[in-house]
Every structure is written in structure tokens, then in C-alpha cells.
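Hi,

Here is the structure I promised to pass on. Have a look at it first, and then read my notes below.

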Amino acid sequence: MDNVVYLIMRRMRTPLLVLIGTYAVAMAGMVVIPAQDAAGHPVPTSFFHAFYFVSYMSTTIGFGELPNAFTDAQRIWVSFSVFATVAVWLYAIGTLITLLQDTTFQRAILESRFRRRVRRLREPFYLVCGYGQTGTALVRSLTDRHQRAVAIDIDPQRVNLLKLDNLREYVPSLCADARQPSSLEDAGLRHPLCKGVVALTNVNETNLKIAIAAKLLHPEITVICRADSHEVEANMASFGTDHIYDPFDTFALDMAIAIQSPCLALLSKWLAGYEDQSLDAPIFPPAEGRWVLCGFGRFGKAMYRHLREQGLDLTVIEALPHKTGIPKEGVVHGRGTEAVTLEQAGIGDAVGLVAGTDSDADNLSIIMTALALNRTLFVVARQNHRYNKLLFERVGAQVVMMPSNIIADRIRVRLGTPLLGDLMALARDREDEWACELVSRVVALVDEYAPHVWEIRIDEIEAPALCALDRRGISVSVEQLTRDPRDRDRVLPLIVLLRMDDEERELLPAPDVRVRSGDRLLLCGRADASRTLTWTLRNLNVLDYVLTGNAAPGGLVWRWLARRRARGV
């Protein structure tokens, strides 16, 4: 039974029984007490007349005595009945008002409404568990791309903030504990259109339990989790969690790539960025010299490991080394907020600084003090809270790391363009000159804003025209596919970044490479090129034109006119 109906029946059972009983007694009295007609003859009162009279007796002012004028005995009974039924009505209404104000009942209504809205979803959606900074960024990213999402969070204030957010798509949300499988089921875990579950709470154990529940209750969907601990990450991976993201390891790896291959890091940032964002300038972290690393927690250890792999000299400053551990080079004891500590770490001749404590105030203080001692430092700052963004923009750091944004961007890219991850994995095996050349090609396409990145699956849904030619044995190359259908001598402003099938992945496929049914393409370029290419892939006449130059008319009327014109000639 629905919780709302159950609560109503449980709380209103006594008032309703008392109300029915009072009305029954009042009607019985009206039937039993002798009545008379207009001539004064005794007549019985039927149950119908008794029910009719009593039904409006206590709720109507100024009622008449029907069907005949009452006797004194009836009037005495009616007087008692009026007071009794009015009192019972007040009792029932008072109980109902109390029920409506009850927080349990209100929550039951919200949950019931939430379940109905989730059941009515008719588009694929993602279940986002945790609406903190990362969840907020991810839900906004999904809705900006017109993808549907459902959100649950244990904090009611966050759920209220979601309702106030100006999102492009409506997002059903509920305040609930995601550790409970019933909450996940209410949020659509078993819904046939649920494409994936994203666990983004700030508690590793909660994310772990969400991943377990998702794999047990709906094994076919994608499960993406945030994990700030290597032990939890290994545990999640042991039962098949699809994607696990550690913001600290992810950022540290990005920094290592930026040191080793600046153009590849820039390319990755552009392709994963938002289309309305301006293109970022490349950064060149120093690849030689000594870095000072303040804070040896989870972030500090990740940076230490990846910077060490780049062959850099490191000096670590840590306030509580007995808790965090000590690297083999030892540590300088302190927070790094004092000039004395930084000077002990040799900040004067260092080339880089990582302010990586879990306190924004300390990180800002570290940077300001260090820059006062050495203006040439390359600074990496850890920003823990979104509301400090303005301060970190002005403190003078070349790179600002915010864990929530890193995770949200990674998951957004994974959900929107999964081939981009394959592209970057293959690109890491190439020289930086290869990435620099590709960066130049991208700049030539899009000028000052980030490129539009999209995927195409060559199948009957996304490319029916190309599939039709493929069945006939007519080959279509990458070069032919990128011709402008309005003028086949021109080339669309796009780049085919990756072609992938079941057997191979091909970076920047050559112009003569054949595109077949079952292929998947990753492209970047201008948004209008995406729409034009979609037209080519879906319309057989358009595709025939870009292949042969034959501008055959489309549609029954145009073809009839063409045949008529040909016969006339």
C-alpha cells in the first residue's frame, strides 16, 4: 500500500469511525422516534428520509423540517444530534489538519510525487547520488547538453538548492540516504531507461555501497564512482565498477602530462572544455629544478609521486608528518604559511610550488608568502571550496586545482563523449610535436572558442544513408564524408580525430580510410559542421552528391518534376 494512503488510513481511522457511528445513531433515532404528517396522523420515517436529513443537518444552516414538520420528540433528538455531529466533524477536521502538518506525512507525499515523476521519465537518464560541489557541476553539465538526470542527497538544503538552480532540464530530486537500496530504487535504479549511476558523495564508504547496490540490482548499467582512497578504489574495482575517479591522482597525472607534453595537455583541456569558453593559453610547468610541496596528505602524495616520476627534485613541508607519513627525503616541519618554513625548504631557488593543504586560507597564505620571497615560482594551488574562486583567481597561481570540478569534468566527458578517453590514451604514446600540430589545426577551425566535440556511430539510426551504400558495396572515405553537401569542392570545418571499430582504433585516420557500418567516429570542429554532417549521413541524395556530384532531387514532387522535365527535353 502506498505510504500516503497508509498514513491517511491509520491517522483518520478513529475520526472516521466516530463520525460514521454518530451519523448512524442519529439516523436510527430519527427512524425510531414517531413522526406525524401535516394532518397530525402518525407516519413512520424511512431510512432514506433519515439519511437525507442527517446528511445535511450538521453542515447546513437554516435547514427545514422534511418531509413533515417535526414533533417535539424529534426536535429534541435533532438538537442533541446537531451538537454531537458538529463536535465529531470538528474532531475529524482537526485530526486531518494535524495530519497535513505532520512532517512524516509531508515527506510521504514528496516521496510519492518523486517516485511518480521518475516512473514517468521517457528519456534515458543518469542517477546522481550526492549533490555537493561535484554533483552540482555534473548535473548542470548534463542538463546543459539536454541529458536527463535524477538526483538524491541526504542534505535537505542541497536538495532545496537544486530546485532553485536555473537548469535547462527538470531534475527530479529527493532528500534521501543513498546507502539504502530502497532509496536508489525510488530514484530509478531499476528503471529501464536508467543508463548509469554516479556516486559522488564525500564519503568513500557511501560511494562504495552505492556501487555495490547498483551492480547487484541493475548490473547492465554504467557505475561511476568517486574515491579518495586507494583501498576503496581497489575494492570498487574488484566487483566491476566501470569508472573510478580520484581527483587528486587525476590532477597529478594531468600535471605530469603538462610537464612532459604541454601541447597534449592543452589539447586535452580544449577538447574536454565547454564550447562557450575561450581557448586557454598553454602552460609550461618547469621540467627541471626543485619544487616545494606544502602538505603531504592525499593530494600532496599524489603530486609527489607523479612529479617524482618526472625526475624532479622535491622538498616537502608538512605540519603533521607523524599522521601523513614522511617521504624518503624527509620533511620540513611546518605549514608553509610562515616565511621561515619556506626559507628552510629553499623557496628562494625553487622553480615550482604546490600549495596543497586542505585549508584554503593556508594555501592562499602559502602562495602569497612564497611569491613575496620568489616571484619567479610556478604555482599550483589547491582550492577546496567554490566560494573562494575569486581569491584564487587573484592570488597569482598559474594552475588552480579544485577536486569537484575535476571529477565533474571527467564524468561529463565520459558520459558525453566516451571516445575522448580513448583518444587521449592513444595520444600519450605520440610525441608532443604531434599534439602541437593538432592544436594548430584546431585553432584554425574554431578561432577563439573551444571546439564542438561529438561522436557518431555508423548505424541505421545515426547514419542510415551511409549504411545503405555500405550494403551495396559502395565505399565512403573519410575525405568524402567531410565534404560540404552544399558545395562538394569545399571541406567542412571539422577534424576526424578517431575512428574505432571492434578490432582497431585509428588516430587521425587518413583521408582515404573507408568508413563502414559499425564504426565509431570522434570529431571536433564547429557546431554547424556537426549539423551539416548529420544531414549527409541521413540523406541518401545528399550523400550521393558529395560522392559523385550528382544533385538528384529529393522528395516525390521534385522527382516527378525532374522526370517531367527530362521527358520534355
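To start with, is Arg 75 buried, exposed or partly exposed? Arg 75 counts as partly exposed, at 36% relative accessibility. For that scale, buried means under 20% relative accessible area, exposed means over 50%, and partly exposed is in between, using a 1.4 Å probe and protein chains only.

Some ground rules before the rest. This is a predicted model, so local features need pLDDT of at least 70 and side-chain atom pairs count only at pLDDT 80 or more, while totals for chains, interfaces and linings use all residues. Residues are numbered from 1 along each chain as its sequence is written, and side-chain values use heavy atoms, with hydrogens and water left out.

Now the salt bridges (a side-chain nitrogen of Lys or Arg within 4 Å of a carboxyl oxygen of Asp or Glu). The structure has 28 of them. Arg 75 pairs up with Asp 72, and their closest N and O atoms are 3.7 Å apart. Asp 72 is exposed, at 57% relative accessibility. By the way, helices (H or I, at least four residues) and strands (E, at least two) are DSSP runs, numbered from the N terminus.

Another salt bridge joins Arg 471 and Glu 460, at 2.3 Å from N to O. This pair links distant parts of the chain, 11 residues apart: Arg 471 is in helix H20 (residues 464–471), and Glu 460 is in the loop between strand E15 (452–457) and H20. Arg 471 is exposed at 59%, whereas Glu 460 is partly exposed at 45%.

Then there is Arg 486 with Asp 484, a salt bridge of 3.2 Å, N to O. Here Arg 486 is exposed, with 56% relative accessible area, but Asp 484 is buried, with 5%.

Finally, take a look at Leu 189, in the loop between helix H7 (181–186) and strand E6 (194–199). Leu 189 is buried, at 0% relative accessible area. Leaving aside neighbours within four places in sequence, its contacts (heavy atoms within 4.5 Å) include Leu 127, Val 197, Ala 214 and Ile 221. The C-alpha atoms of Leu 189 and Ala 214 are 7.0 Å apart, with the two residues 25 residues apart along the chain.

Cheers
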